[in-house]
Amino acid sequence: AFRNSTGLEEVIFPSTLQTIGVYAFEGCTNLRIVEFNEGLTAIPDYAFRNCTSLAVLEIPSTVTTIGRDAFRSCTGLRIVELGSGVTTIGESAFYGCDGLVSLVLNDGLTTIGSNAFADCENLQTVEIPASVESIQNNSFNACDKMTVYCYSGTQAHMVGESAGLDLFILDAHEHNMNAHQVLRSMKEGNPHFLEKLDEYSRKYM
């Protein structure tokens with residue numbers, strides 16, 4: 001409907017909208033602001049491809065799917081906030097969004113499509129929840145600066161290890177932090193610190 005409308009700078013979707021068309025805003029190179037409505041169910045294929053001025057995305061909780069190439073080559077993107085309802089990020093959905101630096105994927109996400117974030121060359125951190133069951137080929141290809149934050153034994157952990165990615169295992173660090181807090185509180189607040197330390201060691205270490 002608005003494909004290649006280079007004069008378009010802002011879009012605010014009405015509250016009644018449930019769907020938008022494939023290629024709907026592709027090539028709107030001066031589109032800076034998009035306000036999605038609660039009630040929208042999907043971002044379809046190619047919907048915002050090459051919208052190079054788009055800087056911030058807030059995907060509402062009613063959206064379940066981000067389609068193929070939906071935001072491909074949106075090189076101005078800096079912030080992406082995914083709603084809690086997103087379960088699938090499609091193939092090449094954010095391919096070449098080299099303005100992205102940090103990304104937190106939502107709990108409830110199950111599938112990251114092939115090349116979904118490939119060539120996001122400035123992406124430094126991505127947090128992948130334990131709910132993700134499928135990370136397809138080359139999802140983060142050429143993201144050479146990236147550290148993956150994930151939980152041990154998850155799909156993200158296994159794929160990250162096999163691909164040689166830098167990993168930060170969240171639950172391991174949470175355990176270390178909790179252990180440190182317990183030991184400190186024992187030492188500061190209990191005169192029988194050594195006895196408690198021995199008890200703690202037998203139980204957790």
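This is a predicted model: local features need pLDDT of at least 70, side-chain atom pairs count only at pLDDT 80 or more; totals for chains, interfaces and linings use all residues.

Tutor: Two strands are taken to pair if DSSP finds at least two bridges between them.

Strand 12 covers residues 147–150. Its covered face carries Val-148 and Cys-150, whereas Thr-147 and Tyr-149 belong to the uncovered face. On the side of strand 10, residues 125–127, the pairing with strand 12 is parallel and comprises 3 bridges. Within that pairing, Val-126 has Val-148 of strand 12 as its bridge partner; Val-148 is also one of the residues on the covered face. Between strand 12 and strand 13 the chain passes through helix 1, residues 155–163, in a β-α-β crossover that is right-handed.

The space in the largest pocket is about 300 Å³. Its lining has 19 residues, and those nearest the centre are Phe-140, Asn-141, Met-146, Ala-163 and Leu-165. By class, the lining residues divide into 11 nonpolar, 6 polar and 2 charged.

An open sheet is formed by 5 strands in the order 3-5-7-9-11, with parallel pairing. Strand 3 and strand 11, residues 134–135, each have a single partner strand and stand at the edges, so one side of each has no neighbour in the sheet. For strand 11, the pairing with strand 9, residues 111–112, is parallel and has 2 bridges. In this pairing, Ile-112 has Ile-135 of strand 11 as its bridge partner.

There remain the charged contacts. The whole structure contains 6 salt bridges. One of them joins Arg-3 to Glu-26, with the closest N and O atoms 2.7 Å apart. This pair links distant parts of the chain, 23 residues apart: Arg-3 is in the segment before strand 1, and Glu-26 is in the loop between strand 1 and strand 2. Arg-3 is partly exposed at a relative accessible area of 44%, while Glu-26 is buried at 6%, the limit for burial being under 20%. Glu-26 also meets Arg-49 in a salt bridge, at 2.6 Å from N to O. Arg-49 lies in the loop between strand 3 and strand 4, again 23 residues from Glu-26. A network of salt bridges links Arg-3, Glu-26 and Arg-49 with Asp-69 and Arg-72.

A further salt bridge is formed by the side chains of Arg-68 and Glu-91, at 3.6 Å from N to O. Arg-68 is in the loop between strand 5 and strand 6 and Glu-91 in the loop between strand 7 and strand 8, so this pair ties together parts that are 23 residues apart in sequence. Arg-68 is partly exposed, with a relative accessible area of 39%, and Glu-91 counts as partly exposed at 31%.

Conventions:
Residues are numbered from 1 along each chain as its sequence is written. Side-chain values use heavy atoms; hydrogens and water are left out. Buried means under 20% relative accessible area, exposed over 50%, partly exposed in between (1.4 Å probe, protein chains only). Helices (H or I, at least four residues) and strands (E, at least two) are DSSP runs, numbered from the N terminus. A crossover is right-handed if, with the strands pointing away from the viewer, the path from the first strand over the helix to the second runs clockwise. On a 1 Å grid over the protein atoms alone, a cavity is a set of points where a 1.4 Å probe fits but cannot get out, and a pocket is an open set with protein on both sides within 12 Å along at least five of seven lines; lining residues have an atom within 4 Å of a point. Grid points are joined across faces, edges and corners, and a volume is the space filled by probe spheres set on the points. Ala, Val, Leu, Ile, Met, Phe, Trp, Tyr, Cys and Pro count as nonpolar, Asp, Glu, Lys and Arg as charged, and the others, Gly among them, as polar. A salt bridge is a side-chain nitrogen of Lys or Arg within 4 Å of a carboxyl oxygen of Asp or Glu.
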